[in-house]
2 protein chains.
Amino acid sequence: MEKKIPYKIYLKEEEIPSQWYNVRADMKNKPAPLLNPGTLQPMTQDELSHVFCEELCRQELDNDTRWFDIPQEIRDFYKMYRPSPLVRAYFLEKALGTPAKIYYKFEGNNTSGSHKLNSAIAQAYYAKKQGLKGVTTETGAGQWGTALSMACAYFGLDCKVFMVKCSYEQKPFRREVMRTYGASVTPSPSMSTAVGRKLLEEFPETTGSLGCAISEAVESAVSTPGYRYVLGSVLNQVLLHQTVIGLETKAALDKYGIKPDIIIGCAGGGSNLGGLVSPFVGEMLRGEAAYRIIAVEPASCPSFTRGRFAYDFADTGMICPLAKMYTLGSQFIPSASHAGGLRFHGMSTILSQLYADGLMEARAVEQRSVFEAAELFARVEGTLPAPESSHAIRAAIDEALKCKETGEEKTIVFGLTGTGYFDLYAYQQFNDGTMGDVIPSDGQIAASLEKLPKVEE
Amino acid sequence: MEKKIPYKIYLKEEEIPSQWYNVRADMKNKPAPLLNPGTLQPMTQDELSHVFCEELCRQELDNDTRWFDIPQEIRDFYKMYRPSPLVRAYFLEKALGTPAKIYYKFEGNNTSGSHKLNSAIAQAYYAKKQGLKGVTTETGAGQWGTALSMACAYFGLDCKVFMVKCSYEQKPFRREVMRTYGASVTPSPSMSTAVGRKLLEEFPETTGSLGCAISEAVESAVSTPGYRYVLGSVLNQVLLHQTVIGLETKAALDKYGIKPDIIIGCAGGGSNLGGLVSPFVGEMLRGEAAYRIIAVEPASCPSFTRGRFAYDFADTGMICPLAKMYTLGSQFIPSASHAGGLRFHGMSTILSQLYADGLMEARAVEQRSVFEAAELFARVEGTLPAPESSHAIRAAIDEALKCKETGEEKTIVFGLTGTGYFDLYAYQQFNDGTMGDVIPSDGQIAASLEKLPKVEE
């Protein structure tokens with residue numbers, strides 16, 4: 001007889017993973033190395049460690065070690081909000097009338113409201129261990145800044161957040177959460193860095209950009225003794241930390257003998273998707289199993305589906321190392337969508353390589369259809385999802401509806417990365433019927449791709 | 001050897017209570033009946049059922065039935081977010097350096113953000129079962145309105161929320177959550193009721209009050225065929241539904257053989273506190289155990305600690321039945337504090353009787369000290385608490401610090417009713433150092449108590 005699956009599968013505290021899984025160790029085609037934009041040579045540990053914490057640089061560059069021990073101090077912190085539940089979406093299945101079995105791994109049950117905390121606490125730990133006084137970072141939507149503030153408060157580290165000025169003004173409550181956790185939050189561009197002053201002199205009315213905030217945070221870190229810069233997505237180290245999501249998901253599924261057919265995640269820089277799918281992709285790479293993996297991105301910022309696999313800058317300021325990734329070009333400005341966490345022109349190098357090798361699918365979805373899925377999900381599953389996470393919901397619903405047509409009882413697992421409590425302006429536009437979606441033209445993307453740096457491989 | 005207590009104790013899905021516990025059945029001194037304000041005679045089932053759903057009226061009036069079966073449809077909904085975790089506050093204990101063992105029952109892990117959903121789903125269920133088209137209610141801070149919207153969306157009931165106008169304008173995001181769940185939200189006073197039109201004619205600039213919103217919701221319910229009025233606190237039926245909190249808490253403690261010394265809850269109308277403590281008070285009433293029970297109220301609205309135990313109106317409009325309770329007088333206007341859920345002049349009749357009989361203690365705490373406790377809690381336990389809930393945190397910390405002085409290893413349990421994502425304006429005032437607290441003068445309270453209705457008992 002089949003074991004009854006509860007609405008929520010909770011692992012035990014002692015089942016919190018004790019190691020992170022490095023999928024690069026199982027990849028035959030390794031992700032391309034980061035390049036020094038001056039020399040076009042691979043970045044070294046020494047070069048990286050001027051900007052990033054030493055241990056994190058090691059994690060960034062290590063393509064071979066399969067498992068990294070999670071330090072006890074980090075596992076202790078994880079107990080505050082992990083293991084996170086794997087939820088069987090019985091209510092959603094019923095509402096859709098689908099024979100598909102839908103599960104979601106919910107990472108929103110912590111005050112930062114998202115999975116970002118999994119890597120924030122690791123990065124803060126290594127900064128503390130290195131004897132640093134503090135860290136700097138940028139934040140757009142605010143989820144990463146909030147998570148880092150919580151992590152720094154826990155280890156007694158100073159935390160300087162450069163927040164894109166328009167977000168700073170539009171999301172004062174995000175700012176207040178960070179302040180409550182003791183972080184200093186500076187609207188970017190600011191007068192506290194050279195790059196900020198230069199920009200303000202040129203464009204006094206600018207409301208900032210993520211690219212500029214990154215540049216300010218990096219400048220602030222390298223020019224302040226005892227500080228380093230930290231980043232919440234894209235990097236290999238971040239995907240590594242986020243594998244707690246996938247490892248817990250797999251452990252929970254295994255406990256009930258469930259084998260997923262389709263695994264779905266939203267994709268911005270790729271940290272959540274990479275963390276969720278890594279253990280499953282590892283099985284595929286080792287020839288132990290086969291899954292359909294689907295990356296879901298916004299139609300307004302379609303790096304996988306309409307970008308090019310090439311070396312590019314990770315920042316608009318073009319001061320960061322070059323990464324080989326699916327990119328729309330570092331000068332591509334996505335339209336103002338409500339999924340701030342997915343408005344990045346590039347993609348994790350690991351996921352880019354996996355996609356190029358045919359191990360993943362990708363699809364782009366439009367904003368209004370995303371919010372339709374979000375609203376249905378909120379009503380039947382009782383959780384108001386973040387706009388970013390709702391991209392995955394959209395694709396999961398679409399797959400479940402296909403099953404309804406064909407009668408197939410597929411098992412679908414998706415990542416619900418966070419809650420939408422700070423995104424209600426977006427819901428208001430949806431409720432008012434004033435939400436639009438701007439899809440870039442072929443010409444716009446081609447023009448941006450023309451400006452890619454010339455790198456011979 | 002002592003069993004190791006995990007950070008979070010989760011009951012299993014099948015351990016969700018199957019019955020609500022009616023503490024009135026074990027009370028020797030029953031709570032005084034509601035009186036018809038016209039005749040001063042006890043309200044009958046028939047009189048009440050013009051305003052409230054029939055089954056809920058029966059629950060309201062039944063002082064004898066000890067256990068009420070929870071209908072399967074409600075238990076199914078509970079699975080969406082229950083059982084809620086009982087958390088061992090290891091991080092807080094360490095930060096305080098106390099030998100006390102602190103636990104909290106966390107009711108904030110659902111999109112309404114509070115325990116209110118426990119009763120909202122029950123009230124919506126009985127409305128649906130009675131064949132009603134919809135329900136009306138009022139909301140101030142917005143937690144109750146959000147919970148009711150979620151519950152009505154689940155059962156396909158129409159939901160009309162009258163939201164105090166100043167809240168409607170200051171908390172547009174609360175309004176959007178309700179709209180996302182399909183509720184109509186009307187700023188009160190409104191032109192859609194006679195009482196609203198009258199008030200607006202007299203005071204065109206008014207920003208409304210909870211008392212007026214209640215009157216509008218009641219008028220709207222009784223004048224619209226197929227509608228009834230529902231309320232989120234104070235009433236016996238609400239305390240009954242909220243006993244799922246206390247029953248789960250007790251089951252989780254029993255599982256590890258833990259016997260609390262002190263049980264703490266914040267008290268506004270009393271629904272959370274009553275729900276949490278009922279099973280424990282039941283043991284006290286039956287002579288099976290002894291606990292210290294502490295109700296914590298804001299110093300700005302101190303019904304227990306400075307009010308009078310007397311018959312009074314539950315609403316400022318003086319159209320509701322009279323209830324015998326600790327009250328500051330229905331004309332008492334508490335100063336504008338940030339704990340909107342605790343700004344009620346009266347108190348549950350059940351809790352009032354228990355307090356009068358010496359089964360509970362009460363204390364009043366000041367707003368700034370509440371937010372100091374909230375900030376510490378957020379930093380070490382990782383959950384940003386609602387201002388209301390933080391009253392209980394304040395008292396729990398104070399008791400734990402007493403243990404630090406005396407060296408006693410007391411076990412303290414408190415109710416963490418909800419999260420503060422929609423209360424960041426309050427946190428901002430605290431972070432900016434501009435938060436004050438207005439404590440009513442003896443003269444103000446005496447003047448208000450002079451206007452109590454004359455009821456001979």
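Begin with helices H15 and H16 of chain A, which are roughly perpendicular to each other because their angle falls in the class from 65 to 115 degrees (under 35 is roughly parallel, over 145 roughly antiparallel, and the rest oblique). Select residues 367–381 for H15(A) and 387–406 for H16(A): the two pack at about 85 degrees, with their axes 8 Å apart. Axes here are lines fitted to C-alpha atoms, for helices over the stretch in contact, and angles run from 0 to 180 degrees between N-to-C directions. Helices (H or I, at least four residues) and strands (E, at least two) are DSSP runs, numbered from the N terminus.

Two notes apply to every stop. The model is predicted, so local features need pLDDT of at least 70 and side-chain atom pairs count only at pLDDT 80 or more, whereas totals for chains, interfaces and linings use all residues. Residues are numbered from 1 along each chain as its sequence is written, chains are lettered from A and ligands numbered from 1 in the order in which they are written, and side-chain values use heavy atoms, with hydrogens and water left out.

Ala, Val, Leu, Ile, Met, Phe, Trp, Tyr, Cys and Pro count as nonpolar, Asp, Glu, Lys and Arg as charged, and the others, Gly among them, as polar.

Next, select residues 367–381 and 424–432 of chain B, which are helices H16(B) and H18(B). They pack at about 100 degrees, with their axes 11 Å apart, and that makes H16(B) roughly perpendicular to H18(B). Among the residues in contact are B:Phe371 and B:Glu372 of H16(B), and B:Tyr427 and B:Phe430 of H18(B). By class, this contact has 5 nonpolar, 1 polar and 3 charged residues.

Turn to the interface between the chains. How many residues does each chain give to the contact? Chain A gives 43 residues and chain B gives 43 residues. The buried area, which is the accessible area (1.4 Å probe) that two parts lose on being put together, summed over both, is about 4,000 Å², and carbon and sulfur atoms give 55% of it.

Between chain A and chain B the count is 4 salt bridges, each being a side-chain nitrogen of Lys or Arg within 4 Å of a carboxyl oxygen of Asp or Glu. Select A:Asp432 and B:Arg179, whose side chains meet in a salt bridge at 2.9 Å, N to O. A:Asp432 lies in helix H17 of chain A and B:Arg179 in helix H8 of chain B, so the pair joins two chains. Then select B:Lys4 and A:Glu13, where the closest N and O atoms of the salt bridge are 3.5 Å apart. By class, the side of chain A that touches chain B has 21 nonpolar, 9 polar and 13 charged residues.

Finish with the backbone of chain A. The peptide bond from A:Arg82 to A:Pro83 is cis, with omega near -10 degrees, and A:Pro83 is in the loop between H3 and strand E4. A cis peptide bond also joins A:Ser188 and A:Pro189, with omega about 5 degrees; A:Pro189 is in the loop between strand E8 and helix H9.

Note on methods: Contact means heavy atoms within 4.5 Å.
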